[in-house]
Amino acid sequence: MTPQAEWLRGTLLALALVMTGPVLADNKPDDGKVTNFLLDNGMEVVVIPDHRAPIVTHMVWYKIGSADEPPGKSGIAHFFEHLMFKATTNHAAGAFDRAVSAIGGSNNAFTSYDYTAFYETVVPQALEQMMDFEADRMRNLILNDNVIATERDVILEERRSRIDSNPQAVLGEEVDATLWQNQPYRIPVIGWMQEMEKLNRADAKAFYDKYYTPNNAVLVVAGDVDPEVVKALAEKTYGKIARGPDLPPRVRPVEPEQNTRRTVTLTDARVSVPNFSTQWVVPSYHTAKPGEAEALDLLAEILGGGSRSRLYQQLVVKQGIAAEAGAFFQGTMLDATNFTVYGAPRGDAKLADVQAAVEAEVARIAKDGVTSGELEKAKDRFVRSMIFARDKQDSMANIYGATLATGGSVRDVEEWPGRIRKVTADEVRDVAARYLNLNHSTSGYLLPQTQAGN
Amino acid sequence: MRNQLSGASASPLVRDFPSSTRREGRAARVATPLVTLFLSLLFLVLPALSARAAMSIQEVTSSKGITAWLVEDYSVPLVAIRFVFDGGTTQDPAGKEGLANLMSGLFDEGAGNLDSEAFQIKLDDVGAEMSFEASRDGTYGSMRMLAEQRDSAFDLLRLAVTEPRFDQAPIDRIRAQVLSGIIANELDPDTVAQRKWLEALYGTHPYARPDQGTRQSIATITAGDLIAFHKANFARDGLHVAVVGAIDAETLKKKLDMVFGGLPEHQALAPVADVDPKLNQQIEVNYDQPQTSLQLAYPGVKRSAPDFFAAVLMNEILGGSAFTSRLFNEVREKRGLAYSASSDLVDYQHANALAIATATRADRAAETLAVVREVVRRMAQEGPTEAELAATKKYLIGAYAINNLNSSGAIAATLLELQLDKLGIDYMQRRAALINAVTLDQVKAAAKKLLSAEPAIMIVGPKVGEAEKE
């Protein structure tokens, strides 16, 4: 266990709210049976009962993320998330926050490529009030120029703080823009600065009217609630909202065939230990053929998932050349996604040595596959994580919400452990061989200024 | 929750930084783990709710005199244990800074007759998660285990705690990783500035030292240093334990003796002086970067002070974790000056402070600092309104369960902090009344006391003059 050596993985992974694979629902006979249904206006509802604590997590997921933005309007999805906290025709600005705070609840929101979600964690008695507020802001927001200008300054500061102040983040943005040549994941969720500066009221209004409708939303309620009660409350609140225009299917540009090896390099005075990552375009749970995404999850775990993984054991422990080395796969995405390996040198080792050793492990796993022992241990860890990873109830809500917002179903979540168990060693080798071709990869290098010539 | 600044894929952007470190009292030291438990204890702090089934905290004392607080619960087949030995990084000898941190990385790197590889394979087979962490005032350990593998897991924990091997190869490897982290941050403006900030506030006190040490200090650490440090710190009279999950009191007593009974009885800690952070100073760190970050330090309040909750309520209104605070409203909502603006009560065993932090574009840094100082000045002079106080009392009472008791790990961490703060096993029943008893005058007095001082201020960013010329 390395107390201080998680910095690279941390910066590469960033906010991993919903990136891990889906997790099994609670199997207790009287608890955890997930129900889902549609309201008449098309809003989907998922209820995850969990009676261990008188707490409920109430989330609304909109199937709209940065990858759905119109050209030239990057950042509008995230900007709009911020604007949802402003005044409505029924409530003054801040009234919702004050109502949550007054009962000791917590609330927040987040935006990703494929979805935007809003949530409150409160006592169950407050569920109806939360639904009232949330339903209200789905349609009744007041968008005026003053509100827009001030909040735009906030997101510009957010960009300076998250991206522009951080060389790893600056590099990450441009690696993404290189890995993705055509697919909208090439554009950062927060947006490009020069486009963010021009986002205006008309953009916000158009975005709101098109996407913030009940038929484009998923309500997820997890906690100490009865599904029948949730249904009645949802009908009473969200059910009153008129269905919006039907949205076209979320068909976005996809990647052309990649025929090159691409590299992106940032040298920066703030960097003193170099690092690299190499990424490939791979299928997500939504786009993969049956079993492929599960095999990719297991591949990432065996290759570089933790301190028992091949990359860690070979590079950090046995060869002693890396401070860190690992791999990850982000499966819960609507379109094709990325598989990433990364590493940083330690001591006298050079970045090139670390990269060569990582690539040797990638080549070895693609050629010789994994042992049955490795595969079983990786599966055990995933299955065990379902007992451990019933986290707080909001992580269950996150798993269902993210899955449903990226084209999956409740059943997909529930059947995930069984599908993981079925993956064979050959299937893991096959996905490695099929997708991890170094000649068709994208690498990012973060280098100290003194190494600029290397 | 990780909130690294990164452009990595699939990272949702959140509305505001999560406030996991803004719990009342000590800053949260726990990476909140998994597994929700049934928490009917909530009815104690939320009297409006009907009681479901009482969750009781038991005090368990083993035959060797080791005490633990236990919440026995079988709704999930898990056991979570969390414990701390007093001491922590303040016990690092001068010149050996980083010793406690390095030791905390070595407990799963070989113990008893198992070398590093054998130990980690066994831990993986048993399916338990074990972690150690050195904080300023204590070395924390925790383990989550499947109930059916409980015996094997506790055996491994006993080995780790009582018989760590400190073999040279893992020492060198973990040290090299720590060193890499130190070097990686050497040119990072925030890290450099943070170090200057701690030195300015705490001078030569151990709180000024970097927890992971320096290039020079960690190079000098030997196996002998680790063995001596372990012996001096891992002893029964400085141990506090909390356990949550599928285990009964009688079984736990036996496990406590088994895991910790082999440790020496008495710690041999170096005394650590109390220290008042040095206020009334201004530190400027010039870097050409897109934002200027501002930090301000005011006097804090001790956990044991009679006006503790008055100060907690005041801080919450000033810049607490809800989106309703004055700083959030004045700096972000009204003026769009920053993404984040907050205040925190820093509560170490030997020092206290109220810390404010925000970051803004360089050419608006002066304006932002003026707004922050005006918010503080107004709070110091006028205090909060009756309505703000009433709302914040409700928030603090209700938020305790939602934030502190929402998983077995969180419950264990909370029980441990209650023991460290000597608040008593019935504290949760008393807490709401303690908060409700605070008067507006007391909060005004706390505001005046903490916020009238001239603060320490650190400004990190481009030279003021240069930024304004742009």
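**Strand pairing and backbone geometry in chains A and B**

In chain B, strand S11 (residues 291–299) is joined by nine bridges to strand S13 (residues 352–361), and the two run antiparallel. The model is a predicted one. S11(B) also pairs with strand S14 (residues 456–461) of chain B, again in the antiparallel sense, over five bridges. B:Ser293 stands opposite B:Ala359 in S13(B) and opposite B:Val460 in S14(B). Strand S11(B) is mostly covered, with eight of its nine residues buried.

In chain A, strand S1 (residues 35–38) and strand S2 (residues 44–49) run antiparallel and are joined by four bridges. A:Thr35 of chain A stands opposite A:Val47 in S2(A). The two strands form a hairpin with five residues between them. Within the turn, A:Gly42 has a positive phi of about 95 degrees.

Most residues other than glycine have a negative phi. In chain B, B:Phe166 has a positive phi of about 50 degrees although it is not a glycine. B:Phe166 is located in the loop between helix H4 (150–162) and helix H5 (168–184). With 21 other C-beta atoms within 10 Å, B:Phe166 is classed as buried because the cut-off is 20 or more.

B:Asn280, likewise not a glycine, has a positive phi of about 50 degrees. The loop that holds B:Asn280 lies between helix H9 (249–260) and strand S10 (281–286) of chain B. B:Asn280 has 9 other C-beta atoms within 10 Å and is therefore exposed, the limit being 12 or fewer. Thus B:Phe166 is buried, whereas B:Asn280 is exposed.

Technical notes:
Residues numbered from 1 in each chain as written. Chains lettered and ligands numbered in written order. Predicted model: local features only at pLDDT ≥ 70, side-chain atom pairs only at ≥ 80, totals over all residues. Pairing = 2+ DSSP bridges.
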